[in-house]
Amino acid sequence: MTATLPAPCDSAVLDRSGGQVPSHPRWTLAATILASSLAFIDGSVVNVALPAIGRSLDADAAGLQWTVNAYLLPLSALLLLGGAAGDQMGRRRMLIAGILVFLAASLACAVAPTIEVLLAARAFQGVGAAMLMPNSLGILGNSFRGEAKGRAIGTWAAVGAIASAVGPPLGGWLIEVAGWRAIFYLNLPVGAAAIVIAWRYVANDRGSGKPLDWAGAALVTVGLGLLTWSLTDWSNDGAVGGPVLFGLVAGLAMLAAFVFVERARGDAAMMPLSLFASKAFAGLTFLTFALYGALGGLLVLLPYLLISSGYSPLEAGLALLPFPLVIGLASRWIGQIAAGAGPRWPLTLGPIVAGAGFLLLHRVDPAAGYVVGVLPGLFVIALGMAGAVAPLTTAVLSAVDDQHMGTASGFNSAIARTGGLIATALVGVVLSQSGDALLSAFRTAAIAGGVLAGASGLAAWATLGGPGQGSRRR
């Protein structure tokens, strides 16, 4: 993912089943944490490496956008299918297969001689992440119960936040010491350890044999791919020519066909349309898309701006460190408040506060120094996101019935990544600039991010009930 924190409903997947106590609980937890860390770290590290990759492989703005989106596209489109494949064929088997795909793709990224090879390898990384992430969580959800499950969830979430926080500074240091290719080599020992532990200690579960929604997966992948390509091309060239229009129309047609197929499959679909009978769920889907889209764009553009303005990769990585730290320290406290007051106020005020932080970044000036020019806006955005992350998970699960909780949480996680995917497709107008023009374009993007974040908060206010009303459909 492109953000420095897990998507809102990743941890919610852990609660899908009652589960049982595993024979090796610590090793089971270690395997799932190591596997998930591959995706968390890789998503945040690459943002810091974009300028170095551009110089090394002579990549233009579109190439840098696709370095991020080639990973996000299959992850967004195939996340639900990856979880369903684990249900069908066994979660341990799918977890190990996903790690193997991710490691092979990471090695290909590390030795890529051209930007085209790097993009292909990044796409396969996204496929591997879509296989390993939901199944690492599914294994935890099926392996613990009661208080043990709560401790496992807390440990997984804490380590995931730490991994995401450490990613940019670690990546910046590696880039300075050994070059950008080292960030992909780093995945190899982590993934190898995860495979060995999972093979030896994670229970080998049987699959359900339930058929997979291959038609839905193909349609949503092609549709999102065409839409992303068209928006990327438009954001770089600024012209809406025949190919761009064709891609937009064809992509939207594919997504419309996806909705038609999902409706025909009913509850067997990747995305059961019955979820959207809940007004709250529809509003939360928009909130997630808009808020995480704004955040995804920021976390691509801010390191790029800082490095282009004279920061080293390590300094740019450290500049992002307050963001996950503030979220980690404040989200538990705000989550306790939301538990008593209900999710409506936190999910309204949190995004609006984040939007104010984006507007503060409209005044960003790297030449003025980090504390004055960057930190205030970043701190306020993090504070607003801390107000939204925990309540969003709770609200999504409360907006659907018990039968659809796992699907709803997985879908919300995919929507968060899709928001980042679309946002990154649009930032070419900023990445293609330099000097004062780059700073001006970044400030315009910051205003757009503030508008998106604020709109997501208003959507929460309009679609969620007040305290005590409850949103869950029965």
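## Helix α7

Helix α7, residues 187–201, has 15 residues and should span 21 Å at 1.5 Å a residue; the end C-alpha atoms are 21 Å apart, which agrees. The expected span is 1.5 Å times one less than the number of residues. Helices (H or I, at least four residues) and strands (E, at least two) are DSSP runs numbered from the N terminus.

Within α7, the buried residues are N187, G191, A194, I195, I197, A198 and Y201. Buried denotes under 20% relative accessible area, exposed over 50%, and partly exposed the range in between, with a 1.4 Å probe and protein chains only. An α-helix has 3.6 residues a turn, so residues three or four places apart point the same way.

## Model and conventions

The model is predicted: local features need pLDDT of at least 70 and side-chain atom pairs pLDDT 80 or more, whereas totals for chains, interfaces and linings use all residues. Residues are numbered from 1 along each chain as its sequence is written, and side-chain values use heavy atoms, leaving out hydrogens and water.

## The chain as a whole

The protein chain contains 18 helices and zero strands. Of its 474 residues, 57% count as buried. The chain exposes about 18,200 Å², of which carbon and sulfur atoms supply 66%; accessible areas come from the Shrake-Rupley method with a 1.4 Å probe, and for residues only the protein chains shown count as cover.

Among contacts (heavy atoms within 4.5 Å) between residues at least 6 apart in sequence, 87% join residues at least 24 apart.

## Aromatic pairs

Rings of Phe, Tyr and Trp (its six-membered ring) pair if their centres lie within 6.5 Å; planes under 30 degrees apart are stacked, over 60 edge-to-face, and the rest tilted.

F276 is partly exposed at 31% relative accessible area, whereas F411 is buried at 7%. Together with F281, F276 and F411 form one aromatic cluster.

T348 belongs to helix α13 (residues 344–361) and is buried, with a relative accessible area of 6%. Not counting residues up to four places away in sequence, T348 touches G457, A460 and W461.

The ring of W461 also has the charged end of R344 over it, 3.7 Å from the ring centre. The charged end of R92 likewise sits over the ring of W199, 5.0 Å from its centre. Such a placement requires NZ of Lys or CZ of Arg within 6 Å of the ring centre and within 35 degrees of the ring normal.
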